[in-house]
Amino acid sequence: TSQPVSDFGVELDVRSVANTILPVQFSAPLSPVPLPTEFALHGNHPNPFNPATTITFDLPAPQPVRLVVYSLDGRQVVQDRLGVLPAGVHEVVWRGRDEQDHAVAAGLYLYRLEAGPWSATGKLNLVK
């Protein structure tokens with residue numbers, strides 16, 4: 001298990017124009033960044049978007065992650081296997097392109113984010 005770091009100091013030797021050493025010390029407390037305790041999909045921004053949108057989500061534990069974008073008629077537009085991601089807050093960008101890297105038509109799309117045992121869906125509105 002890791003221990004939180006209470007203080008972290010940095011010491012720099014700074015030289016003046018006359019080449020004399022000017023010791024400077026900075027210190028600041030570091031707070032550990034809390035990891036998410038549950039899976040959460042925060043949606044995408046901007047929405048509507050053009051040409052790209054960012055989907056933000058939380059993982060409470062390392063998980064294999066997959067993003068699939070669908071057209072409203074149910075066809076799969078693109079699938080992106082993101083691999084195993086560590087616990088934390090993550091972002092993935094969709095640039096409005098299909099599997100063949102062609103720009104898709106303006107309109108409403110659905111996406112499904114799958115992370116291990118969790119999944120969630122959202123709506124994407126591409127405008128041109």
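Author: From the N terminus on, the elements of the protein run β-β-β-β-β-β-β-β-β. The model is a predicted one. It contains nine strands and zero helices. Of the 128 residues in the protein, 28% are buried. The protein exposes about 8500 Å², and carbon and sulfur atoms supply 55% of that area. When contacts between residues at least 6 apart in sequence are considered, 46% of them join residues at least 24 apart.

The sheet itself may now be described. Four strands form an open sheet, and their order across it is E6-E5-E8-E9, with antiparallel pairing. Strand E6, residues 76-85, and strand E9, residues 118-126, stand at the edges; each has a single partner strand, so one side of each is left without a neighbour in the sheet. On average, neighbouring strands of this sheet are turned by 15° against each other, direction ignored.

Strand E5, which covers residues 63-71, pairs with E6 in the antiparallel sense over eight bridges. Two positions illustrate the pairing: proline 64 stands opposite valine 84 in E6, and tyrosine 70 stands opposite glutamine 76 in E6. E5 and E6 form a hairpin with four residues between them. In the turn of this hairpin, glycine 74 has a positive phi of about 95°.

Strand E8 comes next in the order given above. Leucine 113 is found in strand E8. Its relative accessibility is 0%, and leucine 113 therefore counts as buried, the limit being under 20%. Leaving out residues up to four places away in sequence, leucine 113 touches Phe39, Leu41, Phe57, Val65, Arg66, Leu67, Trp118, Ser119 and Ala120. With one of these residues, arginine 66, the separation is 47 residues in sequence, while the C-alpha atoms of leucine 113 and arginine 66 are 5.9 Å apart in space.

At 36% relative accessibility, leucine 108 counts as partly exposed, whereas leucine 113 counts as buried. Together with Leu72 and Leu110, Leu108 forms a nonpolar patch on the surface. The accessible area of these three residues is about 250 Å² together.

With a relative accessible area of 39%, valine 93 is partly exposed. Apart from its neighbours within four places in sequence, valine 93 is in contact with Ala52, Thr53 and Thr54. Valine 93 and alanine 52 are 41 residues apart in sequence, yet their C-alpha atoms are 6.7 Å apart in space.

Methods
Residues are numbered from 1 along each chain as its sequence is written. This is a predicted model: local features need pLDDT of at least 70, side-chain atom pairs count only at pLDDT 80 or more; totals for chains, interfaces and linings use all residues. Side-chain values use heavy atoms; hydrogens and water are left out. Buried means under 20% relative accessible area, exposed over 50%, partly exposed in between (1.4 Å probe, protein chains only). Contact means heavy atoms within 4.5 Å. Two strands pair if DSSP finds at least two bridges between them. Axes are lines fitted to C-alpha atoms, for helices over the stretch in contact, and angles run from 0 to 180 degrees between N-to-C directions. Patches are made of residues with over 30% relative accessible area and no salt bridge: like charges are joined within 9 Å, nonpolar side chains (Val, Leu, Ile, Met, Phe, Trp, Tyr) within 5 Å. Accessible areas come from the Shrake-Rupley method with a 1.4 Å probe; for residues, only the protein chains shown count as cover. A salt bridge is a side-chain nitrogen of Lys or Arg within 4 Å of a carboxyl oxygen of Asp or Glu.
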